[in-house]
Every structure is written in structure tokens, then in C-alpha cells.
Amino acid sequence: MLDLSNVSFSYNGDPAIDNLCLSVESGEFIGLIGANGSGKSTILKLAAGTLRPGAGEITLWGKAIHHYRDRDRAKLVSYLPQMLDVHVPFRVNELVRMGLYPYDIPPDLTPDEAVATVGLADKGDSLIGELSGGERRRAFLAMTLLQGAGILLLDEPLANLDIRFQIELMRLLKDLRHQKHISIVMALHDINLAFQFDKVYVVKEGRIITEGRPLETITRDLLREAFDVDVMIYHHENGTVSFGFERMEDKNGLR
Amino acid sequence: MKKQTLWMIIGSVCLAVLSLCVGPKWINPLQMDEVSRQILLSIRLPRVILSLLMGGALGASGAVLQGILRNPLADPYILGISSGAALLAALGLLLGSTAFGFFTIPVFAFVGAVLTGIAVGAMGYRRGGLWPERLLLAGVGVGFLFSSLLMLMMSLSSDEGMRRAILWIFGDLAMADWSLIPYGFVLILIGLILSLWRAKGLNALMLGDDIAHSLGFNPGRERWILFLAVGLMTAASVSMGGVVGFIGLLVPHIIRFVVGSDNRVLIPLSVVAGGALLCTADTIGRTAVAPMELPSGIITAVLGAPYFLYLLKQKDILGES
């Protein structure tokens, strides 16, 4: 569906992405993992067509993404950035309906259904500024769902959310993937959630250092390479995974 | 919302009709003698139409600019367009130029507005698009520069020239004449059509450039079109009747309190409310202390600011409970 082939990109001459290859197939749930500043957001912006690569090619259903008309591209791929403006002066219903902007004839999903899907049915008339961080993110997600694109690119959608909202949003996205058969590519730096994905790409300094199924890919050595820290990984009998690191000493040598 | 919209339109029409009747001489449109007919058709009707056009253009421009700059304090004059128009218009007034006959001051003002708009647009342009922050800072910088030059020019000028320039700067509709209206109408109509055509894009821009792009818009192109629309409407307005403050800044906010922020509704209703407010202000300005006239810009602020502050107290537009 979406292919990035040998893509390179630089910001004002500073290389940000170096010879990157990534492909997204139908219904895949993909995580981009890496330290802050590793290039995850830039990869998503390139995949969304927001940035143009300096070298390489990005194709959507076999056609170069920049050859699509803006509205046609918006029907196939949608992107939600990490930073969402708190001071957007719209109500939830107004915001969500903007997901229909690329269409003359609206797709199957209705605005009310999109709002209900993200659990905000009772907040339709609320101003975006009145919502909590988690609700605001879900409101924007409802807009993105209404847009009806087959590929969702989400940049750190779990940032600034507490553990409950993180799990709720992750569950919602997994459900949507099954119900709507959409592909989701998500950037995150919290490795605790990495095992929820079908496939992870680990990014460091604008390059993908490894990719694969999380259980086989994420190892202590990999984390040391990607994040420059020594973290233990514990695989439990019930199938869950946890991470641990040494208790740190303070300046007085106390633990 | 539809009910409020309807009442707003009916109210504006009633105010416009009332403005035709009110003045130093009360005119009953159903019982007019020849003198009254002349006053109504030659003086009051063009003035009412001019105030509706100017107020409407300023209301729409304010709504569009607050959206593209993502700044609630933006108004049509923040881009320095009015300062450029005022500088050249004042130059014409102070020099007593009659280069274009009756159209001299409007032409000077329009040229000043357009040249300033182009300069600010060029300074706000970087890496293939208009950047809101650059545009805003360029506008503020140019505005300060031109205002300083204007003050310098006025402080060196004769008393009579300065009085006329001050009247014009605060909004002077006394020049209203049928000959001004067609050209102003065409420019404002083009600006308004462009604004309404790109109203969805403006809504999307208010969510940020990345989301606007994701929704199928080219943020750079949207901003150029909307900047052009604002430039046309502001230049036409300021060249016809001077710098009328308040409308472009606060009318869009007042309308937002009532109908929300969807620009497809906000822009046309800002036209209606801006037109009605300036029409009312001008009527008061030319009748309150007749035969003297008070500048419309002062009346609009005196009328509108308390109502805006009342709404600000009553409503919770940004959800700051």
C-alpha cells in the first residue's frame, strides 16, 4: 500500500533520514520506535506527503505520493501530529465533521458514529479547549477516522496520557484495525507498548537499525544500541513482558 | 443558530433602512418631496451603501486574518495595509493633490494599501509559502514604520491639511459618492468570494498546517489565496473611507460567541454584522452633534466594545471554565 524506498531527507542541509526503506501492508499495525530526535516524526511526515524526500521514492498504491491531488491523497492516508492545538475554537462535532472535507459524497461512516466510536458521544457539543488531553486526542482521532483513509499515521498519540488512557487508546486502535481493516503506523518512544504491534521498526539517527516482530526484535542489545541505556527485559509465563533497570544512586550514594 | 442568523440579517436591514431616514432632516421614504428625494438618493443612500460595504469587508477580513494567522488579536490593519494606505492618502491630503480629481485620495490610499500588502507578503514568504509568524511580524514592523512617517509628516504640515488627514485616519465616510461604490463593490465582492470559496481550507488551517495537509489542503496555497482576499477587501475599504477601527478585530469574535467558529458561517455573518455596525456608527456620527461629524471609527469602538466585554463575561468561548 505505502512504500518508502531508499528515502533520504535533510533539514536545511542537516541529514535527518538516511536511505530509509519501509513498507506498510493492508491491516498492519506498525510501531516506529526510537529515542527522541531519532527521526520517527520525520518518517511519518514523509509518509504523509507533508515533506518531500531529497532522494528516493514514496509510493501510495504504486503511484508517487506527490503525484496525487491533495484531496485524493487525503482519502488514502491521514496523519495526526503529536502536538494538537489546545486553543482550537471548535466544538467536538464541528472538528470531527472536518474529516469529510476531502469528499463531495461522504463515505459510509457518519460524524455521530465516528464520535461514538472514540467514546465521546456525550461530548459532541463541548469545546475542544474544555476536554482533557486524552479526550482531545480522541476527538482528533474521530476526525481522522471519518476521513476514511486506509492508512493512519499517528505521531506519539499516547504522549502525555496516563496509563489508563494509553491502554484505552491502544485498545481502540487495535479494535479499529480489525473492524475497519485499516493500517496504522504509530511513532512512540515508550518501549512498554512496543509489544502490542504486529511489527516494529527501530529508528536511530535517521536510519532503521532493525525491523520485525516485537518479541523477536526487541532485545537488551538492541535497546542499548537504540536508546544508549542498559535495560533488562523480563518475559513472563503469562506472555507479558516487563522492563527493569538498576535503582539509581543519588549524589550522596543513597538508593 | 439559523434563527439567530435570520434575526441578525433582519436587524441589519432594519438598521440600514433607519439610517436612510435619520439625519439632520428626518425623511419618511413614503412621503418625500423633491429635496428629500435628492438628499436620500444623492447623499444618504450612497453613504449607507458605502458603510455596509466597508463594514462588511472589515468584518470578513478580520475573521479570515484571525484564522490564517491563528491569532485572536489579528485585525485587517495588523498587516500594515492600513498604515500604507493612510501614509499615501495623508500625503495626498497634505499636498492638496488633485491628480485624479475626485478619486485622488481613494487612488492614493489604494496604491499605498496594495504596495504595502505586496511588501508584507514578500517578507512573510519563506521556503515556498507564507508563514503566519513572519507575516504578522512583517506587518507589525511595516505598520510602525509607516505610522511614524505619517506622524512625522503631519507634525510638519499645515493645520487645515492635518485636520483633514486626522478625520480620514479615524474613518471618514463624508466622501461617500455613487462614483466610489462600483469599484469598491467589485473588489470587496472578489475578496469575499475568494474567502468563502476557501472557508473550509481556513477551518483546516486553524488546526495547524500538518492537519490541514492531511485533510487534503495545500496550506501555503490556501494562505496565499486568503491573504489576497484580505488585501483586496482591506485596500478597497480603507481607500473608500479611511481607517475604521474595532470592526475587523472584535466583530468576528462577537459572531463567534453567537454561532461558533466555522468560517463558512462566520465570514458571511461578520459581513452582515460589520456592515450593520458601521452603518449605525456612521448614522450616529453624522447626527449626534450635527452639523459637526464624529469619526465613525470612534463610534464603532464606543458602541461595540462594551457589548463585546459583556459577551466575554457571559460566554466561555475557549472553554476556560
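Student: Which strand order does the open sheet of four strands in chain A have?
Tutor: In this predicted model, the open sheet of four strands in chain A has the order 2-1-4-5, and its pairing is antiparallel.

Student: And which are the edge strands?
Tutor: They are strand 2 (14-24) and strand 5 (63-64) of chain A, each of which pairs on one side only.

Student: How many bridges join strand 1 of chain A to strand 2 of chain A?
Tutor: Seven bridges connect strand 1 (residues 2-11) of chain A with strand 2 of chain A, and the two run antiparallel. A:Asp3, for example, has A:Ser23 in strand 2 of chain A as its bridge partner.

Student: What about strand 9 and strand 10 of chain A, parallel or antiparallel?
Tutor: Strand 9 of chain A pairs with strand 10 (residues 207-212) of chain A in the antiparallel sense, again with five bridges. A:Tyr201 has A:Glu211 in strand 10 of chain A as its bridge partner.

Student: Which residue takes a positive phi in that hairpin?
Tutor: A:Glu205 does, with phi near 50 degrees; the hairpin of strand 9 and strand 10 of chain A has two residues between the strands.

Student: New topic. Into which domains is chain A divided?
Tutor: Domain 1 of chain A covers 1-76 + 149-229, and domain 2 covers 88-148. Their C-alpha centres lie 23 Å apart. Domain 1 of chain A contributes twelve residues to the contact, and domain 2 of chain A contributes nine residues.

Student: Which elements give two or more residues to the domain 1 side?
Tutor: On the side of domain 1 of chain A that touches domain 2 of chain A, those elements are helix 2 (70-74) and helix 6 (163-180) of chain A. Helix 6 of chain A provides the largest share, four residues. By class, that side of domain 1 of chain A has nine nonpolar, one polar and two charged residues.

Student: How many residues of chain B are in contact with chain A?
Tutor: 23 residues of chain B are in contact with 23 residues of chain A. On the chain B side, helix 8 (199-205) and helix 9 (209-214) of chain B are the elements that give two or more residues.

Student: What is the domain assignment of chain B?
Tutor: Chain B has domain 1 (71-243) and domain 2 (244-315), with C-alpha centres 19 Å apart. The contact involves 20 residues of domain 1 of chain B and 17 residues of domain 2 of chain B. Helix 7 (181-197) and helix 8 of chain B each supply at least two residues of the domain 1 side, and helix 8 of chain B gives the most, with four residues. The classes on this side of domain 1 of chain B are twelve nonpolar, five polar and three charged.

Student: At what angle do helix 4 and helix 5 of chain B pack?
Tutor: Helix 4 (residues 104-123) and helix 5 (residues 132-155) of chain B pack at about 135 degrees, and their axes are 8 Å apart. The two helices are therefore oblique to each other. Their crossing is right-handed.

Student: Which residues make the contact?
Tutor: Helix 4 of chain B uses B:Thr116, B:Ala119, B:Val120 and B:Met123, while helix 5 of chain B uses B:Arg134, B:Leu135, B:Ala138, B:Gly139 and B:Val142. That contact has six nonpolar, two polar and one charged residues.

Student: Last one: how do helix 3 and helix 10 of chain B cross?
Tutor: The axes of helix 3 (residues 81-95) and helix 10 (residues 219-241) of chain B cross at roughly 35 degrees and come within 10 Å. This crossing of helix 3 and helix 10 of chain B is right-handed. B:Ile81, B:Ser82 and B:Ala85 of helix 3 of chain B meet B:Gly231, B:Thr234, B:Ala235, B:Val238 and B:Ser239 of helix 10 of chain B. The residues of this contact divide into four nonpolar, four polar and no charged.

How values were computed: Residues numbered from 1 in each chain as written. Chains lettered and ligands numbered in written order. Predicted model: local features only at pLDDT ≥ 70, side-chain atom pairs only at ≥ 80, totals over all residues. Pairing = 2+ DSSP bridges. Domains from an automatic or database assignment. Contact = placed C-beta atoms within 7 Å. Nonpolar A, V, L, I, M, F, W, Y, C, P; charged D, E, K, R; others polar. Axes fitted to C-alpha atoms, helices over the stretch in contact; angles between N-to-C directions. Parallel < 35°, antiparallel > 145°, perpendicular 65-115°, else oblique. Left-handed = near helix turned anticlockwise from the far one by under 90°.
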